[in-house]
Amino acid sequence: MNMTKFATKASITLGAALGLGLFIAQQPAHAATWHKGTPSAVRGTWKTKSTSIAVGSKKQTAYDKVTIAKNALSDYSYTGKNKLGMKGTSAKYAVTGKYTYIIKAKVAKNVTLTLHVKKSSSKVIVIGNGTKNTNPAKYYKA
């Protein structure tokens, strides 16, 4: 009889502990910590490989260039002599994985430039748009 009471109490205690553990494990995680500036690991000027595109009867060289400074970020596309893009200031970043960051910079009032950056090596990073990493492209140290 004593052994039965002990077994019952032990199984109730174990069940309560496991149930509490599952309850605690299912609580939502806290939001990522945002840091001022940009991560030093990815600072510098980065450029995609040049491609040749036909514009009418002429061919022009096109490439993208991203410059990541301490507190600012610029993203421009070059086609021949034309330049199109934007520059953001007041940068902040969050770490999402090993050498993977989300960087946000203010372009204008209520306009934010968001890049998903993953450092592959000292000379290669992969940059995608937004927090979902859409349209990722390889950039090389310029």
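User: Hi! Where is glycine 88?

Analyst: Glycine 88 sits in strand 6. Strands (E, at least two residues) and helices (H or I, at least four) are DSSP runs, numbered from the N terminus. This is a predicted model, in which local features need pLDDT of at least 70 and side-chain atom pairs count only at pLDDT 80 or more, while totals for chains, interfaces and linings use all residues. Residues are numbered from 1 along each chain as its sequence is written, and side-chain values use heavy atoms, with hydrogens and water left out.

User: Thanks. Is glycine 88 buried or exposed?

Analyst: Glycine 88 is buried, because its relative accessible area is 0%. Buried means under 20% relative accessible area, exposed means over 50%, and partly exposed is in between (1.4 Å probe, protein chains only).

User: And what is glycine 88 in contact with?

Analyst: Leaving aside neighbours within four places in sequence, glycine 88 is in contact with Ala72, Leu73, Ala105, Lys106 and Val107. Contact means heavy atoms within 4.5 Å.

User: Val107, okay. Which nonpolar surface patch is Val107 part of?

Analyst: Met86, Val107 and Val111 make a nonpolar surface patch of about 200 Å². Patches are made of residues with over 30% relative accessible area and no salt bridge; nonpolar side chains (Val, Leu, Ile, Met, Phe, Trp, Tyr) are joined within 5 Å, and like charges within 9 Å. A salt bridge is a side-chain nitrogen of Lys or Arg within 4 Å of a carboxyl oxygen of Asp or Glu. Areas come from the Shrake-Rupley method with a 1.4 Å probe, and for residues only the protein chains shown count as cover.

User: Where is valine 111, and why does it count as partly exposed?

Analyst: Valine 111 is in strand 8. It counts as partly exposed because its relative accessible area is 37%.

User: New topic: which residue has a positive phi of about 65°?

Analyst: That is asparagine 110, although it is not a glycine. Most residues other than glycine have a negative phi. Asparagine 110 is in the loop between strand 7 and strand 8 (111-119), and it counts as exposed at 74% relative accessibility.

User: What about tyrosine 99, what is its phi?

Analyst: Phi of tyrosine 99 is near 55°, a positive value in a residue other than glycine. Tyrosine 99 is found in the loop between strand 6 (82-97) and strand 7 (100-108), and at 44% relative accessibility it counts as partly exposed.

User: Zooming out, how many helices and strands are there?

Analyst: The protein has 1 helix and 10 strands. From the N terminus on, the order is α-β-β-β-β-β-β-β-β-β-β. Of the 142 residues, 24% are buried.

User: Last one: where is confidence lowest?

Analyst: Confidence is lowest in helix 1 (residues 2-25), at a mean of 46, and highest in strand 2 (residues 44-47), at 97. Here confidence is pLDDT, the predictor's score for each residue, from 0 to 100. Over residues 13-28 pLDDT stays under 50, and the model has 0 contacts beyond four places in sequence for them. The mean pLDDT of the protein is 83, with 78% of its residues at 70 or more.
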